[in-house]
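We will go stop by stop.

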Amino acid sequence: MTVGANEDWKSFVEKAASRLNIFQPFENIRVYNAQGIEIQSLTSLQNNDVAYLSTTDDGPSLVTDPFEEKPRESQISQVTSSSFGSVDRRHVDLEKGDVSQQKEASFSSRDQRIMATIRGNQRFKIALVVGFYFFISISLVLLNKIVLNGSEYSIPAPMFIVWFQLLVALVIIWLVSFLARWIPAFALIPPLEIDLQKAKQILPLTLCFIGMIVFNNLCLLYVHVSFYQIARSLTILFNIIFTYFLLSTKTSWPAVRACLIVVFGFSLGSLGEADFTWQGVVYGVISSVFVSLYSIYVKKALPLVGDNHWKLIAYNTVIAIPLLLPVMWIGGEFEIIANHPMIYDNFYWFTMFITGVMGYLLNIAIYLQIKTTSPLTHNLSGTVKACVQTMLSIWIWGNEITFLNGVGIFLVIAGSFLYSHVRNQEMNLKEKDKSRDDDRHSSSHSHSSSSSSSSTASSHSPHHRATKF
């Protein structure tokens, strides 16, 4: 596989991964040279004939021997040259233009011990990231319920809570981008820069964002946390509807059947809810509408910010803060806040600040979980998280669960799980079909290029040689 002179690094890695049947997002792929050193640009490949692709997050330079206090340099280099990537290491030969799969030589017992440790560390890392997502996501829902109407430290002002949380998030974004000048670990978050022209184009997405989080809180204000998952479960249904009407994309029957299970669970859960309120259900349905629209508009808005999710979060935050002020005024929340005794309580403001921090940390938790695992694992993790969240709410607030309500919760979670599984299978199938098409196209292109090269070589000097990368 040859490297074009102006080829983008991301495009090259994705093309190479596709040729090798590695179906992972670009962020999960690492590239190493023959010495096991990670490379991150096309210029780094110019003097190397072979590039190795791996989906291992921890590069070989991080390998150490847990059985010795200080591993020797020779030991590190020996392990590095034999243990990056998987046991079947795949590589693209940039000079010869072929793609092959190379069986790794047999490992010594020492190398096997170290590779087992690497795999163990990776499992621990995944468990840590998923646990972090569970903790942040569940804590945010429970804390939002506490500051809304779930305790004595509550003010029933859902839009004000959203506004304050966004204000805290904006301060964090500015602080992190400022500290990134001296602390490399913070360089993940780009500098806070707002372009007015881009902001106008991102405005429809921000309106969906505001609708999503405001109606989330309004739903939570009127329903128990145990019913919260059911009230917001129709997101899948609206995803199917909007992708058909807005993106002209049809959904397969297996996915539709999974969605019908969710709708049936929503109906049973609503009928069986002991403290049923139409306001909570309606707000939950509207929230589901905005969640679906938001996921569609994100795809349209991401190219405006160079496919950078952090920049998109910054734009949403900056635009949403002033837009929420008139909405709060129309909803009468300024008067509610001014006359409520809790505004003088330090613990209330401390809890509000924590919810703001948690709201921003949730973005980081989602990013880390998708990067460390996959979008499917994130979706399935969210489904399991909803189950844990429901059980916790029953334990904390003692919410009554009827038989129909329990069956509804089970069907919603099972249907969501099945929907995620079906969509993942369909995506994998599409990727494989695309890979086969690329291989056929590449093969025919290579054949025509070789024929053209032969005819060109016969009419030029025999000393003419191709440029080496």
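**Stop 1: a buried serine**

Select S292: its relative accessibility is 0%, so the residue counts as buried, since the cut-off is under 20%. Keep in mind that this is a predicted model. S292 sits in helix α9, which covers residues 278-301. Now show what surrounds this serine. Leaving out residues up to four places away in sequence, S292 touches T235, F238, N239 and F242.

**Stop 2: elsewhere on α9**

Stay on helix α9 and select Y283. Is Y283 buried, partly exposed or exposed? Its relative accessible area is 22%, so Y283 is partly exposed. Show its contacts next. Neighbours within four places in sequence aside, Y283 is in contact with F215, L218, C219 and Y222. Then draw a distance from Y283 to N216. The two are 67 residues apart in sequence, yet their C-alpha atoms are 7.3 Å apart in space.

Next, select Y297 and K300. K300 lies over the face of the Y297 ring, 5.3 Å from the ring centre.

**Stop 3**

Go to D307, in the loop between α9 and α10 (309-330). Check its backbone: phi is near 60 degrees, a positive value in a residue that is not glycine. With 45% relative accessibility, D307 counts as partly exposed.

**Stop 4: the largest nonpolar core**

Select F160, L166 and L312. Of the 78 residues in the largest nonpolar core, these three touch the most other members. Now colour helix α5 (residues 196-222). This helix gives the core its largest share, 13 residues.

Zoom in on L166. Which residues does L166 touch, not counting those up to four places away in sequence? They are F209, I213, T317, A320, I321 and L324.

Another core lies apart from the largest one. It has eight residues, among them I240, A255, A258 and Y419.

**Stop 5: aromatic rings**

Show every Phe, Tyr and Trp side chain. The model holds 16 aromatic pairs. One of them joins F178 and W182, edge-to-face, with 5.1 Å centre to centre and 70 degrees between the planes. F178 is partly exposed, at 29% relative accessibility. W182 is at 58%, so this tryptophan counts as exposed.

Move on to Y244 and F245. This pair is also edge-to-face, at 5.1 Å centre to centre and 85 degrees between the planes. Y244 is partly exposed, with 41% relative accessibility. F245 has a relative accessible area of 62% and is exposed.

Then select F160, W163, F164, Y348 and W349 together. These five form one aromatic cluster. F160 was on the list at the previous stop, as a residue of the largest nonpolar core.

**Stop 6: helix α12**

Look at the start of α12. A side-chain oxygen of D345 comes to within 2.9 Å of the backbone nitrogen of F347.

Finally, colour the buried positions of α12. They are Y348, T351, M352, T355, G356, M358, Y360, L362, A365, Q369 and T372. Turn the helix as you read along that list. An α-helix has 3.6 residues a turn, so residues three or four places apart point the same way.

Definitions and conventions. Residues numbered from 1 in each chain as written. Predicted model: local features only at pLDDT ≥ 70, side-chain atom pairs only at ≥ 80, totals over all residues. Heavy atoms only, no water. Phe/Tyr/Trp six-rings, centres within 6.5 Å; stacked < 30°, edge-to-face > 60°. Buried < 20%, exposed > 50% of the residue type's maximum accessible area, 1.4 Å probe, protein only. Lys NZ or Arg CZ within 6 Å of the ring centre and 35° of its normal. Helix = DSSP H or I, 4+ residues; strand = E, 2+ residues; numbered from the N terminus. Polar contact = N/O pair within 3.5 Å; in protein donor to acceptor, adjacent residues only side chain to side chain. Core = buried A, V, L, I, M, F, W, Y, C linked by side-chain atoms within 4.5 Å. Contact = heavy atoms within 4.5 Å.
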